[in-house]
Amino acid sequence: MPPRTNDHAPEGGRDTGPAEPTAPPGTVRAQPGAETDPGPGSGAGVFSSGARTAALRRFSGAARGSRGLRLAVCAALLAVAASAGAVAAGGARGGAGADAAPVAGTLAAGVLARGDLDAGIRSLQAHLRAQPRDFGGWAVLGLAYVEQARTKGDPSRYPQAERAFVRSLALEPGNEQALAGRAALAAARHDFSGALEYADRALRQNPYSERALSSRIDALVELGRYDEAAEAADTADSRRPGVPVFTRYAYVQELRGDVRTAREVLERALDGASAAPDVAYVATALGQLAWNQGDHEAALRHYARALGADEEYLPALEGRARAQAASGDRAGGIETLEQVVARSPLPGPLVALGELYETRGADGDRAKAEDQYALVDAQTALARAGGVNADLDTALAAADHGDTRTALSAARAEWDRRHSVHTADALAWALHRSGRSEEALPHARRATATGYRNAAFLYHRGMIEHATGHDGDARRSLTAALELNPGFSPLGARAARAALKDLEATP
């Protein structure tokens, strides 16, 4: 399973207005753009014509013949095409004499609190056409675009968010709202060094910024700086306790091997959650925690609660599909994953669906699986066109279902940027799949050194140990993987069992 990130996490507390956990993700559809062009020299993060065209071609080419994903393909293409020209629809005409309006959070907070993110964005767009010098309104619009991108799997929104934050900072240099927003945007694009820099700048302006405190934890976690992340989580908890901080605090504890504390913190957070988006997010985090420990029944209960709060919450649907398949309901898992990728064809669910097709093995299933794997590459091309660093997704998918040279190149590039357990595992597996198992072994051991209980990591380590002649260690690692979570991967679990059988036959 790909690393659990906070891409769907609440970004702010209820008292901060429209940055609150927002709309149930629906079908991906283009929104009419209303942000004003931020002016010359502000094109950072905007789609280039060449990158956009190349991404569209790859996506549409990979999708040909995949009837089940036609809707998702069309939606993604429409979103990218619409955002490419979404500048100043009825754009701002205010001159130097225009007065700065009050922060637009008061305008849209009510709409967003009801969970209608699209309507909130339309309200903000209309407001900013009338009051183009409202720097706070531009920051809120940028955050709304970030949330829309993350909940709908639509990377075309990130360049729009970038332009909105640039405009906010041009109007009011150094304002905390825009700096915290840029931290959230950088984290969503997997630029974790940038996220840390912007979060620190925002916290110098406002040490109690919940959004900046949360982004700082995310950045340190993803950079592999776990001791600092734990300190940051403690600081955030002392300054701004609430759902966004609690969930991050729990994940830090899980990464350090303290599953019991992680579960207790999440359970308390769920008890205190009242808004449907909060309930959906925290219940899903509990489901993921239970899944990682191989408790599929508990995972299904948590995902059911999440979907009871928000029946369209994609992370909960994806988690339920994996738990269904691992519990023996492969047909249910496939059906649910098909719903997920039809709405948001992201690499993780695409690979999971492809592997379920492979293990089912019905007529045409191999071709269906190949369709999913081909779309991973096309989707990562779209993500890159939106300014997202997709190297980790590329490495994980290509190592098993693509070109191993591509996997190794991407894994090395990601390792150069950050040394997390997830990047260590991805590099180890890409090296192993490239025939360099001796070089892979130290990275596989590093991936499992923090105490984080992850069956895929143990499986990768066991297979690498087997390949390097460490048979006793391989038995222990592979056995631990299957005991921890026997359904961690349809193909991986099958390969682990086969390797153990081979090891048992070895004198």
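**Figure 1. Burial and fold content of the whole chain.** A residue counts as buried when its relative accessible area is under 20%. By that cut-off, 59% of the 507 residues of the chain are buried in this predicted model. The chain has 25 helices and zero strands. Among contacts with a separation of 6 or more, 65% join residues 24 or more positions apart.

Figure 2. Helix H12 covers residues 259-272. Its 14 residues should span 20 Å at 1.5 Å a residue, and the end C-alpha atoms are 20 Å apart, so the two values agree. Val 259, Ala 262, Val 265, Leu 266, Ala 269 and Leu 270 of H12 are buried. These residues lie on the same side of H12, because they cover an arc of only 135 degrees around the axis. The other side of H12 carries exposed residues: Arg 260, Arg 268, Asp 271 and Gly 272. What covers the buried residues of H12? The cover includes helix H11 (243-255), helix H13 (276-292) and helix H14 (296-309).

**Figure 3. Packing of H11 against H13.** The axes of H11 and H13 are 11 Å apart and meet at an angle of about 10 degrees. Angles under 35 degrees count as roughly parallel, so H11 is roughly parallel to H13. H11 contributes Val 243, Thr 247 and Glu 254 to the contact. From H13 come Asp 278, Tyr 281, Val 282, Leu 289 and Asn 292. By class, the contact of H11 with H13 holds four nonpolar, two polar and two charged residues.

Figure 4. Helix H4 runs over residues 117-130. At 1.5 Å a residue, its 14 residues should span 20 Å. The end C-alpha atoms of H4 are 20 Å apart, which agrees. Which residues of H4 are buried? They are Leu 117, Asp 118, Ala 119, Gly 120, Ile 121, Leu 124, Gln 125, His 127 and Leu 128.

**Figure 5. Surroundings of Ala 212.** Ala 212 sits in helix H9 (residues 210-222). Its relative accessibility is 0%, so Ala 212 counts as buried. Leaving out residues up to four places away in sequence, Ala 212 touches Ala 180, Ala 199, Ala 202 and Leu 203. Arg 182 is 30 residues from Ala 212 along the chain, and their C-alpha atoms are separated by 9.4 Å.

**Figure 6. Leu 346 in a loop.** Leu 346 lies in the loop between helix H16 (330-343) and helix H17 (347-360). Beyond its neighbours within four places in sequence, Leu 346 is in contact with Gly 153 and Gln 379. Gln 372 is 26 residues from Leu 346 in sequence, and the C-alpha to C-alpha distance is 9.9 Å.

**Figure 7. The backbone at His 190.** His 190 belongs to the loop between helix H7 (176-188) and helix H8 (192-205). His 190 is not a glycine, yet its phi is positive, at about 65 degrees. Most residues other than glycine have a negative phi. At 16% relative accessibility, His 190 counts as buried.

Note on methods: Residues numbered from 1 in each chain as written. Predicted model: local features only at pLDDT ≥ 70, side-chain atom pairs only at ≥ 80, totals over all residues. Heavy atoms only, no water. Helix = DSSP H or I, 4+ residues; strand = E, 2+ residues; numbered from the N terminus. Expected span 1.5 Å × (residues − 1). Buried < 20%, exposed > 50% of the residue type's maximum accessible area, 1.4 Å probe, protein only. Arc of directions from axis to C-beta. Contact = heavy atoms within 4.5 Å. Axes fitted to C-alpha atoms, helices over the stretch in contact; angles between N-to-C directions. Parallel < 35°, antiparallel > 145°, perpendicular 65-115°, else oblique. Nonpolar A, V, L, I, M, F, W, Y, C, P; charged D, E, K, R; others polar.
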